[in-house]
Amino acid sequence: MSHKKQTLGEFIIENQASFKYSSGELSSLINSIRLAAKVVNHEVNKAGLVDIIGAAGDTNIQGEDQQKLDVYANEKFIQTLTNRNIVCGIASEEEDDFITINSQDENHQNKYVVLIDPLDGSSNIDVNVSVGTIFSIYRRVTPVGSPVTIEDFLQKGSQQVAAGYVVYGTSTMLVYTTGDGVNGFTLNPAIGSFYLSHPDMLFPEDGYIYSVNEGNYIHFPQGVKNYIKYCQQEEGDRPYTSRYIGSLVSDFHRNMIKGGIYLYPKSSLNSNGKLRLLYECNPMAFLAEQANGKASDGFTRILDIKPTELHERVPFICGSKNMVEKCEEFMRDAQ
């Protein structure tokens with residue numbers, strides 16, 4: 001990779017002006033995520049060598065067995081974000097409740113909260129499939145100078161000031177937005193720097209890939225079943241290709257680059273779907289819209305949903321604009 005490419009650090013500094021709030025703080029925040037991502041990346045890459053895979057014995061708030069690496073990633077991100085003295089609170093998919101963080105002057109002066117899925121797709125670790133980290137950043141709504149409350153975390157996705165993900169794959173990438181387009185940075189492991197490799201990422205308006213767990217087909221709502229059948233029909237540029245990794249970060253990343261739709265609808269097994277609004281759907285929806293894509297629960301824009309609890313789940317349909325709109329049409333017609 002050419003060394004002339006812009007590093008993530010340089011990019012952050014150069015683009016501070018486009019960020020509508022105090023640029024220095026957000027830059028530090030993205031930098032601390034970058035740092036934690038490098039540390040976690042190192043562990044993910046050696047997961048097959050040491051006994052760090054497998055369940056840790058605990059189950060998380062969702063009742064899923066925690067992988068040891070989940071716990072490690074969770075600790076690393078919380079530790080790194082806390083040390084930098086920028087955030088006033090963190091909510092993690094792995095923690096029952098949010099964490100309040102006081103500023104170094106002990107006066108709760110920090111302005112940002114971070115919501116994080118430290119290791120998405122972790123059940124894929126021991127079979128060497130890509131996993132990722134998803135993050136979402138808001139400005140607090142409660143007064144500076146007081147400890148954060150649940151209200152600071154239960155904001156609509158449209159209030160996000162930044163969001164992104166790290167995909168730990170064949171190459172490790174950090175992709176993020178501050179509301180001014182989406183940019184992707186690839187880690188050069190030899191130097192330990194992220195370089196701008198995918199500037200101004202955009203979903204193609206149309207795509208030919210649909211990503212859904214078809215094993216659950218029987219449990220899906222009729223509208224989703226009808227859309228899947230539409231994807232499989234031989235007509236025009238269809239049938240579409242089916243690609244489902246089962247790691248949201250990887251499926252989203254591929255669809256953004258190649259064009260496609262991702263579906264995790266509600267089902268008779270999961271009446272609200274399975275993905276979490278705050279840690280997965282909101283940040284991915286923000287990225288999708290910034291990249292000319294679309295994200296909804298089938299009827300409502302994801303970013304307009306007002307959360308009522310930290311670990312709320314919602315149905316999720318996301319990707320190339322025309323594909324999402326077609327799917328929504330099928331869902332409305334089946335009502």
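Angles under 35 degrees count as roughly parallel. This cut-off is used in one of the legends for this predicted model.

**View 1. Helices α5 and α6 pack side by side as roughly parallel partners.**
Two packed helices are described by the angle between their axes and the distance between the axes. Here the partners are α5 and α6, the latter spanning residues 277-290. Their axes come within 12 Å and cross at roughly 10°. That angle is under 35 degrees, so α5 and α6 are roughly parallel to each other. The crossing of α5 past α6 is right-handed. From α5, the contact uses L248, V249 and F252. From α6, it uses E280, M284, L287 and A288. Sorted by class, these residues are 6 nonpolar, no polar and 1 charged.

Helix α4 covers residues 222-232, and helix α7 covers residues 321-333. Their axes come within 7 Å and cross at roughly 130°. The crossing is right-handed. On the α4 side, the residues in contact are G223, V224, N226, Y227 and Y230. On the α7 side, they are M323, K326, C327, F330 and M331. By class, this contact has 7 nonpolar, 2 polar and 1 charged residues.

**View 2. Five strands make an open, mixed sheet.**
Read across the sheet, the order is β12-β11-β13-β15-β14. Which strands stand at the edges? They are β12 (241-242) and β14 (293-296). Each has a single partner strand, so one side of each is left without a neighbour in the sheet.

**View 3. Strand β13 pairs with β11 and with β15.**
Strand β11 holds residues 209-211, and β13 holds residues 261-264. These two run parallel and are joined by 2 bridges. S211 stands opposite Y262 of β13. The pairing of β13 with β15 is antiparallel, with 4 bridges. There, Y264 has F316 of β15 as its bridge partner.

**View 4. Strand β15 is mostly covered.**
Of the 5 residues in β15, 5 are buried. β14 is joined to β15 by 4 bridges, and the two run antiparallel. In this pair, A295 stands opposite C318 of β15. A helix also lies across β15 (316-320): α5, made of residues 248-258.

**View 5. K266 sits in the loop between β13 and α6.**
Is K266 buried or partly exposed? Its relative accessibility is 42%, so K266 counts as partly exposed. Leaving out residues up to four places away in sequence, K266 touches H219, F220, P221, S271, N272, G273 and P315. V166 is 100 residues from K266 in sequence. In space, the two are 26 Å apart, C-alpha to C-alpha.

**View 6. H108 sits in the loop between β4 and β5.**
Strand β4 spans 99-100, and strand β5 spans 112-120. Why does H108 count as buried? Its relative accessible area is 14%, and buried means under 20%. Setting aside residues up to four places away in sequence, H108 touches several others. Among them are T100, I101, N102 and S103. R140, V144, G145, S146 and P147 are also touched by H108.

Terms used:
Residues numbered from 1 in each chain as written. Predicted model: local features only at pLDDT ≥ 70, side-chain atom pairs only at ≥ 80, totals over all residues. Heavy atoms only, no water. Pairing = 2+ DSSP bridges. Contact = heavy atoms within 4.5 Å. Axes fitted to C-alpha atoms, helices over the stretch in contact; angles between N-to-C directions. Parallel < 35°, antiparallel > 145°, perpendicular 65-115°, else oblique. Left-handed = near helix turned anticlockwise from the far one by under 90°. Nonpolar A, V, L, I, M, F, W, Y, C, P; charged D, E, K, R; others polar. Buried < 20%, exposed > 50% of the residue type's maximum accessible area, 1.4 Å probe, protein only.
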